[in-house]
Amino acid sequence: MPWTNQGGGGGGPWGSGKGPWGSGPQSPGGPKPPDLEEILRRGQDKLRGLLPGGNMGSKGFALLGLAAIALWGFSGFFKVEPDELGVVLRFGQDVREVQPGLNYHLPYPIETALTPKALRINKIDIGMRQVEDSRRAATREVPEESLMLTGDENIVDIDFAVFWKVKPAGVGDYLFNIQNPEGTVKAVAESAMREVVGRSDLQPILTGARQTTEAAVQGLMQKTLDHYGAGIMIQQVQLQKVDPPTQVIDAFRDVQAARIDLDRSVNEGQTYANRVVPEARGNVAKIIQAAEAYKSQTVAQATGETSRFLKIYEQYKNAPEVTRERMYLETMERVLGGADKVIIDSKPGAQGVVPYLPLQELAPSAAKGGQPKSGGQP
């Protein structure tokens, strides 16, 4: 059936009698479509004008063949960016890896090259999404990813980020063993976090076990990805937010503040103890050293006195009277040496008090050549 007889009014299913490619039968007086043979003939004429001699001889075909071969050979050059690694495939099989820079592979279809972003560190957010706003960057919560159940049957809201990159020696595994790398890392990260949180209690996760949780999740993720042969290395797992459910978050914050006060009081007491205990130990050492010194002095003095007494005793045995007299005189000298004395002569016919001659007062006058003043009988 001709196009003009369909759809009524001479218009086919594409309207106005046109065919499926936008043109219909042409009237005898209308413009004719271009002739394909004429186009080919004109192209051959232009090519003959470019070739030496103006004809398509054997040399012309040889030059065309050489140009085509040269273009085909140059098509094997490719560039690898600084954050990429190149993987060369020969008939679809991985044959080698190339470093960033200008490289070459055999032209298609013998060899092809893939250039994944293997040197770039990638980041995946779990439990939150960054929303680009016209004024500022905002964060949107994703509770179906962040709400998890702990080992003591409490609910905790955890947002975390995973930093990962392709293993230097695992680019082939990264390209051919997994179809969606980011989706795989995200699923493994969420599964590992739920497993680690499910083995832990709520309170340690909220307070002091953040680093332990991060290390456990990173290790479990790496083990799982290695089992998959994904060729991915987990650089870091970073907890962004760890909070209890919204309904009880105020009570948990009060408990956390009380724990902080407890730690501060303990630290203050430890500081006071660190200051007082060394001071007390120093005083104890000082007292002990003083006692040791007094002991040594007393023992040495007693030893000396004992030795002196024994020597006097030896002399006393040899001459008792002389030793007794000497001891008496030494005792009197020691007792009366620093006291004011009045000498009285008790012999018969004596004057009583012995006249005193002040020699110390007369000494300066005698030194000047003057006569001494008599203060009594010489």
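At what angle do helix α5 and helix α7 pack, and how far apart are their axes? In this predicted model, helix α5, formed by residues 181–198, packs against helix α7, formed by residues 210–228, at an angle of about 130 degrees, and their axes are 9 Å apart. Because of that angle, α5 is oblique to α7. The crossing of the two helices is right-handed.

Both helices contribute residues to this contact. From α5 come Thr184, Val185, Val188, Ala189, Ala192, Met193, Glu195 and Val196. Helix α7 supplies Thr213, Ala216, Val217, Leu220, Met221, Thr224, Leu225 and Tyr228.

Helix α5 may next be considered by itself. It consists of 18 residues and extends 26 Å from its first C-alpha to its last, close to the 26 Å expected at 1.5 Å a residue. Its buried residues are Pro181, Thr184, Val185, Val188, Ala189, Glu190, Ala192, Met193, Val196 and Val197.

On the side of α7, Glu214 deserves attention. This residue is found in helix α7, and it counts as buried because its relative accessibility is 17%, where buried means under 20%. Between the C-alpha atoms of Glu214 and Val196 there is a separation of 9.3 Å, although the two residues are 18 residues apart along the chain. If residues up to four places away in sequence are not counted, Glu214 touches Val237, Gln238 and Leu239.

Is Glu153 buried or exposed? Glu153 counts as exposed because its relative accessibility is 68%, where exposed means over 50%. Glu153 lies in the loop between strand β9 (147–149) and strand β10 (155–166).

The secondary structure of the chain comprises 10 helices and 13 strands. Among the contacts in the chain with a separation of 6 or more, 59% are accounted for by residues 24 or more positions apart.

Technical notes:
Residues are numbered from 1 along each chain as its sequence is written. This is a predicted model: local features need pLDDT of at least 70, side-chain atom pairs count only at pLDDT 80 or more; totals for chains, interfaces and linings use all residues. Side-chain values use heavy atoms; hydrogens and water are left out. Axes are lines fitted to C-alpha atoms, for helices over the stretch in contact, and angles run from 0 to 180 degrees between N-to-C directions. Helices (H or I, at least four residues) and strands (E, at least two) are DSSP runs, numbered from the N terminus. Angles under 35 degrees count as roughly parallel, over 145 as roughly antiparallel, 65 to 115 as roughly perpendicular and the rest as oblique. A crossing is left-handed if the near helix is turned anticlockwise from the far one by less than a right angle, and right-handed if clockwise. Contact means heavy atoms within 4.5 Å. The expected span of a helix is 1.5 Å times one less than its number of residues. Buried means under 20% relative accessible area, exposed over 50%, partly exposed in between (1.4 Å probe, protein chains only).
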